[in-house]
Amino acid sequence: MLSRYFLFFLLVCYQTTAFFDLDEWISEQHTTSFQTMLKNINPSGTKRGFFAASLSTSRPDYFYTWTRDAALVARVLSSLPETNDTLLQDYIEFQIDTQHTPTQCNCLGEPKFHPDGSSYQGTWGRPQNDGPAERAIAFLLIAKRWRQDGYQDTAWIENKIIPAILKDLDYICKVWYQPSFDLWEEILGTHFYTLMVMRRSLLDGIDFFTTHAPYVSIDNYKWVASLMTRRLETFWSPQHNYILATQNVQNGVQKPSGLDVSTLLAANLVASRNDGFFTPGSDKMLATVAALEDSFKSLYPINNHQSQDLGTCIGRYPEDIYDGYDTSVGNPWFLATAAYTELYYLAIKEWKEVGLHINDINQDFFKRIMSLEQGYYSPDTPRLKELISKTEFAANKFLKTIRYHQANNGSMSEQYDRYIGYMAGARDLTWSHAAFISASKAKSKEFVQ
C-alpha cells in the first residue's frame, strides 16, 4: 500500500512540476503574497501598525506581532514601490510605542506584543535581542527610502525615527555579548544570527548617520561592530567544515549538529553590506549551505520521493521537533526553502563582481552543481559562466518546491509535512510570504537591501 502511494505521489509530482511557466507563476505569486501580507497588517480591531505573524488564533495562536517578524516583513515591504508609505509610518509608530511599553524583561528584547500594543506577559523565551537590531535595520531602510523619494516631513525623521534607531543601537551596544534567546525562541546562548544582524544594524547606522545626521556620535558603534566581527569569526568550525549556529548554550533544546538555517538567513540579511564577511558567496557560508542541505536530504522522507524537478525541502535544523502545533518531528519550512533560492542568487551576484575561489572549504557545495577544479575563476571565465547558469537552474528548483507544496490559491503556511508535503502550522505566515518575495526579487536581480 505504501509503495503504491508513493508511486502515485511521484506521478502527481511529475505532472504538476513538469509543465508550467516559472516566471509567470512568480509574477502571480508576488501579487498573492503581497496581498496576503497586507491582509495580515492592521486586521480589524487592532492598533494601527500591528503586523500579525499570522491570522491564526488557535493551533497555533500566532495572532501577535513579533518584533523580529514585523521588522523582516517591513524590510521587504520597504523595497517594494507598491507599498504605501502610510503603512510604513504606521509600523514605525507602533514599534516606537513598544519601545516604551512596560514588559516582562524590562528591556527592548521583549519578543511579542498583543494586537492592542500591550506586551505579552506569559512565560516565554526572553530576551530576544535580534529584534531591536532587525527593527533598526528596517527603520534605517524606511528613512533612506523616504529621503530618496523626497519625503517632505524631514522633521518626523529627525524627531521620531532617528531617536528610535539610536535607542535600539545603544541597547545593542550594551547587551551584544550577553546570552539571549535565538530567533526560534528555543535556546538561551550566543547566536551567530543574532550577532550578524546586530553587526549589520550598527554598520548601517554608521553609514546613515555619517551622511544624514553627522551630529550623532558613531565611535562606540564602530568599536562594538569590530568586537562583533572578531567574535563571529569564532563560530567557524574547521572540524565540522561549517559555521556553528550557537555558542555558550545555557538553556533550551539540544542541537548536537550545530547546523541551523538561521545561519543562511543571516547571510542573506547582511548581503547588502557587500563586504565579503560571511556573505552568501563566501567559502565558509557555502560550506555550511552544503552541509545543511545534505542533512535534510536524508532526514525528510519527502526528499527521497519527490520529482527531480524539485529542490530539497529545507527545515530549520536537523534536530527540530516542532511540527507547527506541538512537538513530534520537525518539518520543512517555506521561508527556509526560499532562503536557498535567495542565497544562490546572492552568491551569483558576488561571483559576477569579484570572481570565485574554489578551495578545500567550499568544494562540497560546487560538487552538487558541476565538476570544477580548485582555483580562481574570474568573472569572464567561460567555466564560471557555465557554473552560474547551472547554479541559477538549481536555485529555481527551490522555488518550484515552494510552488508544489503551497496551496493552489497561493497560500503558504509556516511549514509543510516532512512525509507527504501538505501544509502545516500557522496559516499564511506573514514571514513565509515576505521570504518568497525576497527570493523572487533576488532571481530578478532586484535584491532586497
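**View 1. H5 and H7 run roughly parallel to each other.** Angles under 35 degrees get that label, over 145 roughly antiparallel, 65 to 115 roughly perpendicular, and the rest oblique. This is a predicted model, with local features needing pLDDT of at least 70 and side-chain atom pairs pLDDT 80 or more, while totals for chains, interfaces and linings use all residues. Residues count from 1 along each chain as its sequence is written, and side-chain values use heavy atoms, leaving out hydrogens and water. The axes of H5 and H7 (residues 192-212) come within 8 Å and cross at roughly 30°; axes are lines fitted to C-alpha atoms over the stretch in contact, with angles from 0 to 180 degrees between N-to-C directions. H5 crosses H7 in a left-handed way, that is, with the near helix turned anticlockwise from the far one by less than a right angle. On the H5 side, the contact (heavy atoms within 4.5 Å) uses Asp130, Ala133, Glu134, Ala136, Ile137, Leu140, Leu141, Ala143, Lys144 and Arg147. H7 answers with Tyr193, Thr194, Val197, Met198, Arg200, Ser201, Asp204, Gly205, Phe208 and His212. Sorted by class, that makes 10 nonpolar, 4 polar and 6 charged residues; Ala, Val, Leu, Ile, Met, Phe, Trp, Tyr, Cys and Pro count as nonpolar, Asp, Glu, Lys and Arg as charged, and the others as polar.

**View 2. H6 sits oblique to H7.** Here the axes of H6 (residues 154-175) and H7 come within 10 Å and cross at roughly 140°, in a left-handed crossing. H6 brings Glu158, Ile162, Ile165, Leu166, Leu169, Ile172, Cys173 and Val175 to the contact. From H7 come Met198, Ser201, Leu202, Gly205, Phe208, Phe209 and His212. The tally is 11 nonpolar, 3 polar and 1 charged.

**View 3. H11 and H14 make another roughly parallel pair.** The axes of H11 (residues 334-354) and H14 (residues 430-443) come within 8 Å, crossing at roughly 20°, and the crossing is left-handed. Among the contact residues are Phe334, Leu335 and Tyr345 of H11, along with Trp431, Phe436 and Lys443 of H14. Their contact has 9 nonpolar, 3 polar and 2 charged residues.

**View 4. His405 is tucked away in H13.** Look for His405 in H13 (residues 382-405). His405 is buried at 4% relative accessible area; buried means under 20%, exposed over 50%, partly exposed in between (1.4 Å probe, protein chains only).

**View 5. Arg126 is a buried arginine, at 16% relative accessible area.** Arg126 belongs to the loop between strand S2 (112-113) and H5 (130-148); helices (at least four residues) and strands (at least two) are DSSP runs numbered from the N terminus. A polar side-chain atom of Arg126 lies 2.9 Å from the backbone oxygen of Gly122. Setting aside neighbours within four places, the contacts of Arg126 are Gln104, Cys105, Glu110, Pro111, Tyr120, Gln121 and Phe181.

**View 6. Arg273 is partly exposed, at 21%.** Arg273 lies in the loop between H9 (262-270) and H10 (283-299). Residues that Arg273 touches, leaving out those up to four places away, are Arg200, Leu203, Asp204 and Asp207. Arg273 and Leu292 are 24 Å apart, C-alpha to C-alpha, and 19 residues apart in sequence.

Note on methods. Polar contact = N/O pair within 3.5 Å; in protein donor to acceptor, adjacent residues only side chain to side chain.
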